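Dear colleague,

I am passing on the structure below, together with some notes on what was found in it. Please read the notes with the model open beside them.

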Amino acid sequence: MRRRLSLTQRLSALVALLLIVCGAASMALQMRAGDLQAQEAIQRLSLNLARQIADNNQRVLSPDGFDANAVNGLFGMLMQVNPSVEVYLLHADGRIAAHAAAPGRLRRERVDVQPLQALWDGARLPVLGDDPRSAQARKVFSAAPLISDGRVHGWVYVVLIGEAHENLVRELIGDGVLRATLWSMLLVIALGLVTAFIALRWITRPLRELTADVRGFETKDGGAVPPQPIPTGEGPPHDDIHQLRHAFSQMTRRIVEQWQALSLRDQERREMVANISHDLRTPLTSLHGYLETLRLKDDTLSPADRRRYLDIALGQSRKVGTLAQSLFELARLEHGGIKPNRETFSITELVQDVFQKFELAAEARQQRLVADLADSLPRVQADLGMIERVLTNLLHNAIQHSPAGGVITVRLRHHHQAVEVTVLDQGPGVPEGLRAVLFTRPAARDGWRYGPEVAGGLGLLIVRRILQLHGSDIALDDGEGGGATFRFLLAVN
């Protein structure tokens, strides 16, 4: 399997490639610029060479053309004075009339005279002309016309960088100039690579630290210990890597919060299962015991005892059924199986209807139900059946916890764009240790049962979930003169 390079290695490789390409391009450009500069310097220094030759050697012209003896003498002298140049005599149309090249060395029979005329007219240097000893090459030159009787009979054409010069330069390059240039370029590239690698290591250090922090972001001991958020760190606020670390830090904080919330939810679920198991076991054990007694003692029990045992067994069965119904209802509320069917109704009339359901229960306990209703209350918009269930649970709880002769009050008040509903009792109140978890887990296992007696402590969870579906919530306050006070809001129409 191929090993993938790290970001620093990939960046280093990219920088190395760019340095090599840029170094090679720079070397080529410098060599090209150096050649052009050398050519211009040579041409500028030797610009008048052909004119001096033409002015001092007019004898090379004869009535029939060029004097062969004079031409040979001229070429011999020039080759001794400066063997690096090559001298040619041209006809006016550019045809080569005389030269000093060895037989078979010429590759052209004609030279283009336009560059010659341009140089003579003062064109910008360097001006390149045809090299008679090459079919394609062009070189710097010096040129001057041979004028007689007022007209141009030919040209003195001097190639300033001849074959001898080129061979000597090629030999010098082969001996070490090019090698030294290449080593210099390699040294510069190597120094650039080292500098770039150090710079990249320094630039990407925050990114490597962030990578290490992200890899270390995990739970410990199989999820028993929560992960630690990635620290924000310090850095320029506009730095991309710092912004990336800040984003990762915020993300890990949200993950930790969600992890803690899920852990708490899982713990509550486990406690609820334990509570429900406990509440189911008690009535089921009682039911099983009485049914087994009826079976074993059927022949010896009197009709009154048999009826009493059956009534107790039926009562325990109803407890199990009510608990199962409450659990089913809570599950549907928790998972979105029930949606509020909102309608407009009078909360005052609903309170009166719920009071009628509890009149007999309150009279049996010598308690009094009081409706403290404000005048001209607006109609509310909610699910009538759900709100009735909320009031039923709260009133049943108040009756169960209030002593004989106590007063249970339901107070309705107009509160901004809502109606505030308050249920007060004169019971012992909610223990301090249960207040923090009263609305999140069943309270029956903690020695305090909320809601209908057989609801297994699920009543308050149902109440809160119903109100949350209505965009509200329930709050617990200390009662006036003792007891508990539950308060919630309902939106008006």
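**What was found**

Asp305 counts as partly exposed, at 29% relative accessibility, where buried means under 20% relative accessible area, exposed over 50%, and partly exposed in between (1.4 Å probe, protein chains only). Before going further, please note that this is a predicted model, in which local features need pLDDT of at least 70 and side-chain atom pairs count only at pLDDT 80 or more, while totals for chains, interfaces and linings use all residues. Residues are numbered from 1 along each chain as its sequence is written, and side-chain values use heavy atoms, with hydrogens and water left out.

**Salt bridges**

Asp305 forms a salt bridge with Arg308, the closest N and O atoms being 3.9 Å apart; the term stands for a side-chain nitrogen of Lys or Arg within 4 Å of a carboxyl oxygen of Asp or Glu. Both Asp305 and Arg308 lie in helix H8 (residues 303-334), three residues apart, which is about one turn of the helix. Helices (H or I, at least four residues) and strands (E, at least two) are DSSP runs, numbered from the N terminus. Arg308 is also partly exposed, with a relative accessible area of 41%.

A search of the whole structure finds 14 salt bridges. One of them joins Asp131 to Lys139, with the closest N and O atoms 3.1 Å apart, and here both Asp131 and Lys139 are buried. Another links Asp473 with Arg464, the closest N and O atoms being 3.3 Å apart; Asp473 is partly exposed at 32% relative accessibility, and Arg464 is partly exposed with a relative accessible area of 23%.

Five strands form an open sheet in the order S4-S3-S7-S6-S5, and the pairing is antiparallel; two strands pair if DSSP finds at least two bridges between them. The edge strands are S4 and S5, each of which pairs on one side only. From one strand to the next the twist averages 40°, an angle taken between axes that are lines fitted to C-alpha atoms (for helices over the stretch in contact), running from 0 to 180 degrees between N-to-C directions.

Strand S6 (residues 138-148) has eight of its 11 residues buried, so it is largely enclosed by the rest of the structure. On one side, strand S5 (residues 128-130) pairs with S6 in the antiparallel sense over three bridges, and in these Asp130 has Arg138 as its bridge partner, while Gly129 has Lys139. S6 also pairs with strand S7 (residues 151-159), again in the antiparallel sense, over eight bridges, and there the bridge partner of Ala144 is Val156. S6 and S7 form a hairpin with two residues between them, and Asp149 in the turn has a positive phi of about 60°.

**Backbone and loops**

Most residues other than glycine have a negative phi, and most peptide bonds are trans. Against that background, the peptide bond from Leu125 to Pro126 is cis, with omega near -5°, and Pro126 is found in the loop between H4 and S5. Gln366, in the loop between helix H9 (347-364) and strand S9 (368-373), has a positive phi near 55° and counts as exposed at 60% relative accessibility. His416, in the loop between strand S11 (407-415) and strand S12 (418-424), has a positive phi near 55° and counts as exposed at 66% relative accessibility.

Ala101, in the loop between strand S4 (96-99) and helix H4 (114-120), is buried, with a relative accessible area of 12%. Leaving aside its neighbours within four places in sequence, Ala101 is in contact with Leu106 and Arg133, contact meaning heavy atoms within 4.5 Å. Ala101 and Arg133 are 32 residues apart in sequence and 8.4 Å apart in space, C-alpha to C-alpha.

**Strands S12 to S14**

S12 pairs with strand S14 (residues 484-491) in the antiparallel sense over seven bridges, and Glu420 has Leu489 in S14 as its bridge partner. Strand S13 (residues 474-478) and S14 likewise pair in the antiparallel sense, over five bridges, with Asp478 standing opposite Ala484 in S14.

With kind regards
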